[in-house]
Amino acid sequence: LSVEDRTLPLEQIHGAAPAEQENSLMLIQRLGEMESHLTKLKTNGSAYDRAWHENSAYVSDRNLRLMFLRSNRYDSKAAADQMIKFFELKKVLFGAEKLAKDIVFQDLSAD
């Protein structure tokens, strides 16, 4: 095995593997896949659904979705799953009224 063939699995295990090269066509494709996954996962009454109805511009913001896509190494399904979980946790931590808004310092409590 070459040095590259031996080191790649170790880099992948430790999260240090080289990321896929980002380009606009790839991003358009992955964002579209992510949208499809989100549509399948969205259920009535979920935190994601409520945030969508309150402020669809916030939920569908390209930068917000890119954050999830990049953190999941461009895996659109994993990014969609994480985004759904993000809104569920945001609802638990900050309440339903903060779902479709950025959290700011004033939203944090002493506990």
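Colleague: Which residues is Met83 in contact with, leaving aside its neighbours within four places in sequence?
Modeller: Met34, Leu38, Tyr48, Val59, Leu64, Arg65 and Phe68. Contact means heavy atoms within 4.5 Å. This is a predicted model: local features need pLDDT of at least 70, side-chain atom pairs count only at pLDDT 80 or more, and totals for chains, interfaces and linings use all residues. Residues are numbered from 1 along each chain as its sequence is written, and side-chain values use heavy atoms, with hydrogens and water left out.

Colleague: Why is Met83 called buried?
Modeller: Its relative accessible area is 0%. Buried means under 20%, exposed over 50%, partly exposed in between (1.4 Å probe, protein chains only). So Met83 is buried.

Colleague: And why does Ser46 count as buried?
Modeller: Its relative accessibility is 11%, so Ser46 counts as buried. Ser46 sits in the loop between helix H2 (24-41) and helix H3 (47-54). Helices are DSSP runs (H or I, at least four residues), numbered from the N terminus.

Colleague: What makes H5 oblique to H6?
Modeller: The axes of helix H5 (residues 62-71) and helix H6 (residues 76-94) come within 8 Å and cross at roughly 120 degrees. That makes H5 oblique to H6. Angles under 35 degrees count as roughly parallel, over 145 as roughly antiparallel, 65 to 115 as roughly perpendicular and the rest as oblique. Axes are lines fitted to C-alpha atoms, for helices over the stretch in contact, and angles run from 0 to 180 degrees between N-to-C directions.

Colleague: Which H6 residues do Leu64, Arg65, Phe68, Leu69 and Ser71 in H5 meet?
Modeller: Ser76, Ala79, Gln82, Met83, Phe86 and Phe87.

Technical notes
Helices (H or I, at least four residues) and strands (E, at least two) are DSSP runs, numbered from the N terminus.
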